[in-house]
Structures are given as C-alpha cells and as structure tokens.
Amino acid sequence: MTDGDSASDEAERGPALTVDDIEAARRRLANVVHRTPLDTSRTFADMSGAASLGLKLEQLQRTGSFKIRGAYNAMAQLSPAERETGVIAASAGNHAQGVALAGDLLGIDTTIVVPEVTPAAKIAATREYGATVLVEGDIYERSYEHALERAEETGETFVHPFDDAAVVAGQGTVGLELLAQYPAMDTVLVSIGGGGLISGIGTATAAADREVRVVGVQPEGAAHAGPSLEAGELRPLDGVDTVAEGIADTRMLETTFAIASEVVDDVVTVSDREIAAAVTLLAERQKTVAEGAGAAPLAAALSDRLDLADANPAVVVSGGNANLTDHAELARTGLFELGRYAEARLALASWPARVGEVVEAVTAEGAELDALERARRTAADHPNRTPVTIGIEGRGPDHLDAVLTAVSALDGVSVVERSVRDDG
C-alpha cells in the first residue's frame with residue numbers, strides 16, 4: 001500500500017473523535033453523571049495574574065473524579081454478549097471506580113487490576129461498587145499488562161482508561177460543560193496522564209465558536225507528553241516518580257496521542273512540591289479536597305511557566321480521591337513550600353517539665369503547634385538532654401524564625417536543627 005493510499009484511507013475513516021461523538025456521550029450520560037460546578041476564584045486569579053480564573057470542580061463528580069463519564073459511555077455501548085461476559089480494567093484508582101460504578105448501573109460484572117501504589121481509599125471505594133479488585137504490579141504499567149493477559153484468558157472486555165474513542169468522548173463532556181459554564185474562558189489547564197481527559201476537552205473546545213488555548217500539565221516525574229508531542233512521536237518513559245499517582249503514566253497511546261497532537265497547544269511540568277502547595281491552597285482557600293493529579297493544573301497556573309496576564313483560564317480539578325492521611329501529609333508539605341511551616345529538633349534539659357514552656361512560647365508568638373514528640377536519641381545527641389521534635393505553622397518564614405528564636409531563648413531548651421523555607 002502506498003503512502004497516498006494510507007492517507008486516503010485515513011481521510012475516509014475520518015478523525016478518531018468528533019464533537020458529535022461527545023454530544024452523543026452527553027446525551028448518554030445525561031441522567032448518570034453530575035454537571036459539576038464551575039467556581040471562579042478571585043484569590044487564585046490574583047495569585048496567577050489572570051483576569052479571572054475558573055475552577056471546574058470535577059472532584060465533586062460521582063466516584064470523586066471525571067472517570068465515570070468515559071467508563072459509562074464506553075460500557076453502555078457494549079453488546080449483550082460482551083455485557084454477559086463482563087469487563088476488566090487496569091487503573092491507579094479513579095478509572096477503577098468509574099468502571100465499577102458503570103458496571104453496577106449497567107448490570108455488568110467488573111474486575112479491576114490496580115498497582116500497589118493505589119491509595120487504600122480508592123481500593124475500598126471500588127470494592128463498595130461491587131467490583132472484584134486485584135492488586136498486581138508496582139506501577140500502572142504492570143497492572144495494565146496483567147489485565148490484558150487476563151482478558152485474553154477469560155474473554156472479558158478490556159475497558160481502557162484512555163486509549164478508546166468512546167472513553168475519550170465521555171471525558172470530553174467536561175469540555176462541553178466548561179464552554180457553557182464559563183463564557184469568558186480562553187485557556188483551559190488539564191492534567192495529562194494517558195491523555196484521555198485533555199483529548200476530550202480539547203476536541204470539544206476546538207469545535208467552539210471561540211478560541212480556547214488547551215494546556216496540558218504533568219508532574220516532572222512523569223513528563224512524557226511534552227517530549228512526545230514536540231517530537232511528533234510517542235516517547236515513553238522507563239518509569240515514573242511522582243506524588244500524583246492519578247497521572248503517573250509512562251506514555252499516551254495511539255488514540256490519545258493522535259487526538260492530542262491536533263488539539264493540545266502546550267504542555268508544562270510542575271514539581272511535586274508545587275503540587276503539594278496547590279493541594280494545600282485548594283483545601284485552605286476553596287475548602288476542596290483534591291488529590292495530587294487534580295491539583296496539578298492549579299500548580300501550573302500559580303507557577304512561572306505560564307503567562308496568564310489578562311487571561312481567563314479554567315483549571316480542571318479532575319479528582320479528589322485522596323487517602324486522608326496522605327492528604328494531610330501532602331498539605332503539610334504544601335505549607336512548608338508556601339513558607340508557613342517549620343520543623344525543629346530541640347534538646348531539653350528536663351523532660352517533660354520543659355515541654356509546657358515550649359508550648360507556651362509557641363502560642364505566645366501567635367503560631368500553631370502542629371506536632372510535638374519525643375524523638376529517638378541518636379549518637380549526635382547530648383547524653384544529658386532529651387531530644388524532641390516539633391512542627392509549627394505560622395504566617396511566613398520571618399514569623400517562624402521568630403517563634404524558634406523565642407523557643408531557643410528558654411532556659412534549658414536549645415534548637416539543634418531547624419527547617420524553615422527561606423524564600424516563602
């Protein structure tokens with residue numbers, strides 16, 4: 001077959017996804033998913049330099065993320081025979097819950113393979129929807145391979161988390177809602193894992209009667225999309241290293257790469273610490289619990305990687321399925337990144353008599369004592385002093401320094417080590 005024949009066939013088949021497919025998905029999902037709210041934030045607009053900033057709160061969706069949209073749209077189109085045999089999927093958590101709930105609503109048996117890094121809360125929620133959950137592999141890729149092997153053995157239909165036009169069409173309904181809810185929107189920031197969400201949103205906005213810049217966001221430890229789109233070919237990673245497990249993919253695949261190549265304007269990366277700060281700010285300013293993947297677009301908006309001056313960006317908060325312990329720890333890291341949290345190791349001449357004085361000193365300086373515990377003694381510690389670690393929350397680096405100075409001024413108390421971010 002010549003290249004001309006190949007191009008002709010491609011034109012005859014048409015694009016992998018059209019806005020008509022997304023409109024059909026919206027009708028299919030009308031009585032299944034929530035039309036999640038779009039909240040504007042003056043605080044985040046000011047912090048990013050934007051004229052206005054909208055938050056698409058998809059963490060309020062059923063199952064806590066956008067994934068139910070694509071999963072249901074794909075599974076609703078299965079044949080009776082496919083429904084009878086059941087489906088299998090691989091997921092780091094959110095797609096798992098989407099497939100499980102869709103199976104429950106459609107009467108389809110579901111099996112989900114998840115990697116070991118999947119938060120316990122996501123596994124528990126998936127089982128509550130009636131799915132069988134198998135934990136296999138240290139990262140998503142290993143779980144994915146196991147699910148495909150099992151599908152070959154059992155005949156179950158594999159529901160891909162992103163490399164499926166029907167799944168992408170379902171995710172694209174987020175874009176249709178954004179266009180209706182946020183008329184001023186001229187930019188949309190979307191996390192990229194496998195690329196299903198951004199491909200769907202980009203297809204929806206590309207068909208709109210106004211220009212919308214589509215920007216993908218990835219963590220530094222899973223940044224495959226930018227190099228791939230720039231090179232015009234898939235550039236998979238050997239592995240990933242990020243706190244944002246929901247977008248800890250090593251690559252896009254053919255369907256999403258082809259669509260993203262047409263509709264994504266730019267891709268930026270953010271650090272895990274920036275993601276942590278965004279998680280903290282969403283909890284504090286928006287009263288929103290977001291997982292790392294869901295907070296990444298806000299991290300990008302608040303970074304120096306984008307010029308949002310006078311722009312009207314929409315930030316898609318794609319999920320909120322965070323283990324509460326992990327969320328608390330990430331928020332604490334975020335406070336440190338924002339220059340509002342410090343940790344210190346103290347040496348006390350008398351335990352526990354001096355503890356009350358430490359607490360009083362921190363309180364008197366207007367700070368919050370987040371943690372205080374007797375530490376394990378090391379060889380470097382003074383043999384006649386008790387090692388204690390404290391965590392304090394304050395207004396900023398200068399305030400935290402002043403608090404620790406006040407603590408170190410106490411009789412019988414010395415600050416051996418301190419950790420205060422000095423650039424806020």
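Visitor: How many helices and strands does the secondary structure of the chain come to?
Guide: This is a predicted model, in which local features need pLDDT of at least 70, side-chain atom pairs count only at pLDDT 80 or more, and totals for chains, interfaces and linings use all residues. Residues are numbered from 1 along each chain as its sequence is written, and side-chain values use heavy atoms, with hydrogens and water left out. Helices (H or I, at least four residues) and strands (E, at least two) are DSSP runs, numbered from the N terminus. The chain comes to 17 helices and 14 strands.

Visitor: What percentage of the residues in the chain is buried?
Guide: Buried means under 20% relative accessible area, with a 1.4 Å probe and protein chains only. Of the 424 residues, the buried share is 54%.
For the chain, the value is 54%.

Visitor: Which strands do the buried residues of H10 pack against?
Guide: Contact means heavy atoms within 4.5 Å. The buried residues of H10 include Leu197, Ile198 and Ile201. Their helix partners are H2 (19-29), H9 (165-181) and H12 (254-263). The strands are S7 (187-191), S8 (213-219) and S10 (313-317).

Methods: Buried < 20%, exposed > 50% of the residue type's maximum accessible area, 1.4 Å probe, protein only.
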